[in-house]
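This report describes a structure for a reader who is new to the subject. Please keep the sequence and the 3D view at hand while reading.

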Amino acid sequence: MSNAVSALQGALYKGYCTVEEAGLVGMITLRGDLSSDAIAKAVKAATGAEMPGQGKITEGAKGRAGWMSPDELLLIVDHAAAPKVVEAASKSLADEHSLIVNVSDARAVFRVKGAACREVIAKLSPADTAVMQPGMLRRTRVAQIPAAFYLEDDQTAVLVCFRSVAQYAFDLLADAARDGGEVGV
Amino acid sequence: MLILECPYCGVMADETDLHGGGEAHLKRFGPGSSDDDFETYLFHRANPKGVHFERWRHVSGCGKWFHAARNTMTLEVYGTYSAQTYEPPKAIINAVKKKHPEWEGYE
């Protein structure tokens with residue numbers, strides 16, 4: 001078994017907000033008809049979370065379920081548990097038109113912490129971060145790469161992007177969070 | 001800056017979140033059609049000064065294609081709607097007609 005490492009292995013930057021690579025995070029893409037009961041049940045079994053509505057992310061005992069598009073969910077679970085979750089969900093959705101893939105190692109996750117975490121992301125993305133509340137998920141872009149983000153709480157934004165652009169994303173966030181770069185000073 | 005509401009995500013996505021797909025509601029003429037029809041389908045595009053129906057893709061969001069009715073002169077947006085339709089829905093047509101009673105209508 002290879003030793004799984006995250007893209008930037010917990011890189012940290014401290015500016016007026018803290019930018020931290022979140023380390024290993026289990027992520028599963030689930031595609032299918034989101035109105036189906038079987039899929040809602042599989043989501044519940046995998047994460048403990050309810051089926052999220054449009055643009056929402058829900059939290060359960062074992063993880064989160066985020067709405068990515070009308071037929072796609074992002075399940076965020078423990079990294080080590082992800083292969084088993086995929087196996088269980090594939091089994092329970094065998095008769096359902098669906099697709100379940102473990103994408104944990106294809107992605108990178110960053111946490112932006114601080115009162116101005118919304119501003120750091122607003123500098124980089126066209127999304128209206130002021131209207132974002134915990135429980136909402138927005139798929140958009142940061143500078144030149146696609147990314148999705150949600151708020152864990154009012155002071156913590158979590159940003160997900162592809163692993164291949166992890167360094168780029170970290171550099172962007174770190175630059176946006178640099179001391180002296182506060183908005184409205 | 002052009003801002004369109006993605007009918008799938010429900011978010012106001014700006015132009016940089018989107019990718020333009022050209023004229024909407026084209027009818028395909030494939031194998032077996034006349035050369036004239038095929039040429040029209042491939043190359044002839046409306047380029048109106050005014051009301052225009054276009055395809056857009058929410059490329060860095062949900063990745064879905066949708067349709068938008070907008071004005072190429074004023075950049076006013078009359079509405080966006082699902083791509084799973086052959087012609088603009090009534091509500092969109094009415095929204096355009098309300099603003100431009102003289103508009104000759106869709107095709």
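Helix α2 (residues 82-92) of chain A lies across β3, β6 and β7 of chain A and runs at about 165° to β7(A). Helices (H or I, at least four residues) and strands (E, at least two) are DSSP runs, numbered from the N terminus. Axes are lines fitted to C-alpha atoms, for helices over the stretch in contact, and angles run from 0 to 180 degrees between N-to-C directions. Two residues are in contact if their C-beta atoms, placed from the backbone, lie within 7 Å.

The model is a predicted one, in which local features need pLDDT of at least 70 and side-chain atom pairs count only at pLDDT 80 or more, while totals for chains, interfaces and linings use all residues. Residues are numbered from 1 along each chain as its sequence is written, and chains are lettered from A and ligands numbered from 1 in the order in which they are written.

In chain A, five strands form an open antiparallel sheet in the order β4-β5-β6-β3-β7. The edges are held by β4 (57-59) and β7 (98-102) of chain A; each has a single partner strand, so one side of each is left without a neighbour in the sheet. On average, neighbouring strands of this sheet are turned by 20° against each other, direction ignored. Helix α1 (residues 37-47) of chain A packs on the sheet and touches β3, β5 (64-69), β6 (72-77) and β7 of chain A. The direction of α1 makes about 20° with that of β6(A).

Two strands pair if DSSP finds at least two bridges between them. Strand β3 (residues 26-32) of chain A is joined to β7(A) by five bridges, and A:Thr29 has A:Val101 as its bridge partner in β7(A). In chain B, five bridges likewise join the antiparallel strands β5(B) and β6(B), where B:Ala68 stands opposite B:Thr80.

Most residues other than glycine have a negative phi, and most peptide bonds are trans.

A residue is buried if 20 or more other C-beta atoms lie within 10 Å of its own, exposed if 12 or fewer, and partly exposed in between. A:Ala143 is partly exposed, because 16 other C-beta atoms lie within 10 Å. B:Leu75 counts as exposed, with 10 C-beta neighbours inside 10 Å.
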